[in-house]
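Take a look at the fold first, then read on.

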Amino acid sequence: MKYTKPIMTVSAAFLGVAGIALSFFPQEVSEYLIMNGGSPIILQIMGALYFGFALINWTARANATGGIYSRPVAIGNFSHFTMGALALIKLSLNGIEFPHAWIAAFLYSAFALLFGYVFFTSPVMKSNYSIDTARSG
C-alpha cells in the first residue's frame with residue numbers, strides 16, 4: 001500500500017510531539033488543562049506511552065502495513081485512535097469548557113479513519129518481476 005508510509009510518518013510525528021510535551025512538561029500541561037494536583041504523573045506516564053507508540057510507528061513506516069501485514073501495528077493504531085476519537089467527541093458534546101477538544105477530536109477521528117482503512121484493506125505489493133521479463137529470459 002503506497003499511502004501507509006505518510007500515514008505512519010505523520011502519526012509518529014503527532015504522537016512524538018504529544019509524548020515529548022507530556023513527558024517533559026506535565027505540570028504546565030496540567031495547569032493549561034485545569035487539572036487537579038495529582039495529574040502531572042498520569043500525564044507523564046501517558047507521554048511515555050505516546051512516545052513509545054511514536055517510535056513503533058516510526059520504525060514500522062517502511063513496512064507493508066494492512067491486511068495481514070504488520071497487523072499488530074495497524075490494529076494498535078486503529079484501536080487507539082478510534083477509542084480516543086470517541087472519548088474526545090463525547091467530551092466535546094458534553095459541553096466541557098475545553099475549546100481544543102474539537103481539534104483533538106478531529107485529528108483523532110482522521111487518524112482513526114486512516115488506520116481503519118489501513119487495517120481493513122490489503123496492501124498492493126509491487127513486484128520487480130514482470131511478464132515481459134519472464135518471456136525474454
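How do the axes of helix α1 and helix α5 cross, and within what distance do they come? This is a predicted model, and in it the axes of α1 (residues 4–24) and α5 (residues 101–120) come within 11 Å of each other. The crossing angle is roughly 145 degrees, and the crossing is left-handed. On the α1 side the contact is made by T4, I7, M8, V10, S11 and F14. Helix α5 brings L107, Y108, F111, L114, F115 and V118 to the contact. Sort those residues by type and you get 10 nonpolar, 2 polar and no charged. If you want a reminder of the convention, two packed helices are described by the angle between their axes and the distance between the axes.

Now for the chain as a whole. Of the 137 residues in the chain, 34% are buried. The exposed surface comes to about 8,900 Å², and carbon and sulfur atoms supply 70% of that. As for contacts between residues at least 6 apart in sequence, 72% join residues at least 24 apart.

How far can you trust the coordinates? The mean pLDDT of the chain is 86, and 86% of the residues reach 70 or more. Confidence is highest in α1, at a mean of 95, and lowest in helix α6 (residues 131–136), at a mean of 53. Where pLDDT is low, the predicted coordinates should not be read in detail.

Is F115 buried or exposed? F115 is buried because its relative accessible area is 1%, under the 20% cut-off. Leaving aside residues up to four places away in sequence, F115 touches I7, M8, S11, N77, F78 and F81. Three of the names in that list, I7, M8 and S11, also turn up among the α1 residues of the helix contact.

N77, another partner of F115, sits in helix α4. With a relative accessibility of 0%, N77 counts as buried too. Its contacts, again not counting residues up to four places away, are M8, L15, F53, N57 and F115.

Two other residues have more of their surface open. T82 is in helix α4 (residues 71–93) and is partly exposed, because its relative accessible area is 24%, between the 20% and 50% cut-offs. I42 belongs to helix α3 (residues 39–60) and is exposed, because its relative accessible area is 57%, over the 50% cut-off.

Some pairs that are separated along the chain can be compared by their C-alpha atoms:

| Pair | Apart in sequence | C-alpha to C-alpha |
|---|---|---|
| T82 and S109 | 27 residues | 6.7 Å |
| F115 and H80 | 35 residues | 9.8 Å |
| I42 and L22 | 20 residues | 9.3 Å |

How values were computed. Residues are numbered from 1 along each chain as its sequence is written. This is a predicted model: local features need pLDDT of at least 70, side-chain atom pairs count only at pLDDT 80 or more; totals for chains, interfaces and linings use all residues. Side-chain values use heavy atoms; hydrogens and water are left out. Axes are lines fitted to C-alpha atoms, for helices over the stretch in contact, and angles run from 0 to 180 degrees between N-to-C directions. Helices (H or I, at least four residues) and strands (E, at least two) are DSSP runs, numbered from the N terminus. A crossing is left-handed if the near helix is turned anticlockwise from the far one by less than a right angle, and right-handed if clockwise. Contact means heavy atoms within 4.5 Å. Ala, Val, Leu, Ile, Met, Phe, Trp, Tyr, Cys and Pro count as nonpolar, Asp, Glu, Lys and Arg as charged, and the others, Gly among them, as polar. pLDDT is the predictor's confidence in each residue, from 0 to 100. Buried means under 20% relative accessible area, exposed over 50%, partly exposed in between (1.4 Å probe, protein chains only). Accessible areas come from the Shrake-Rupley method with a 1.4 Å probe; for residues, only the protein chains shown count as cover.
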